[in-house]
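Subject: Handover of a structure

Dear colleague,

Please find the structure below, followed by a short account of what was found in it. I would be grateful if you could read the two together.

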Amino acid sequence: MTTPEKRPDDAPTDRARAEEALRLLSGVPVALDAAVKRLSRSGGVYAWWAAPSVFPGLPGPPNENDRSLRLLYLGRATSLRGRILRNHLRRSGSSTLRRTLAGLLVSEGYRTTWTDRVVLVPEDEARLTAWMYAHLRLTWAEDPEPASVEAELVRRLHPPLNVSGVEPGHVQAAVVAAKNAYNNSSHSSPAP
């Protein structure tokens, strides 16, 4: 038996893809030590979750399958595995999430330096990664064109650590302040 080729008319709409991604992102969040072993190299969207006690002043929507966790951040990637492992769990210079977390955790004494941008010093990169493993969980959904799916879900869910793509009334002032504090934290930034 032969299978007819898919016609473009059969392709899922952006809305249908966003609904399927939301269903997968709303699954039970996975501890990072297990998630990093399961992430594919496919493109898609991902969601970071934490207990409400982690950032009590930044409420996000609860996870439908684990009400003890709240959505913190939603992102997209051309390679889920690469984005999570090489950026979010390793380098503040290429991860808005890491820079925001370091800014929110300023009382923990994270130290920065200037390269071509503000980055955490190596010891604090490792310390932040350990903090993420201890406090955050992850869900993800594969999608070949994640940009439109991410945009729709950010508009719909208002993750508290997202600033870009969030309606102005939903942008968290504490997150903007944390980003600014982080960006201004290096004492060796170049003169204007």
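Helices (H or I, at least four residues) and strands (E, at least two) are DSSP runs, numbered from the N terminus. This is a predicted model, in which local features need pLDDT of at least 70 and side-chain atom pairs count only at pLDDT 80 or more, while totals for chains, interfaces and linings use all residues. Residues are numbered from 1 along each chain as its sequence is written, and side-chain values use heavy atoms, leaving out hydrogens and water.

Of its 16 lining residues, Tyr73, Gly75, Glu150, Asn162 and Ser164 are the closest to the centre; a lining residue has an atom within 4 Å of a point. Strand 3 and helix 6 (146-157) each supply at least two lining residues, and helix 6 gives the most, with 4.

An open sheet of 4 strands has the order 1-6-2-3, with antiparallel pairing; two strands pair if DSSP finds at least two bridges between them. Strand 1 (30-31) and strand 3 (70-77) stand at the edges with a single partner strand each, so one side of each has no neighbour in the sheet. Strand 1 pairs with strand 6 (residues 136-142) over 2 bridges, and alanine 31 has arginine 137 in strand 6 as its bridge partner.

Yours sincerely

Note on methods: 1 Å grid on protein atoms, 1.4 Å probe; cavity = no way out; pocket = protein on both sides within 12 Å on 5 of 7 lines; lining within 4 Å.
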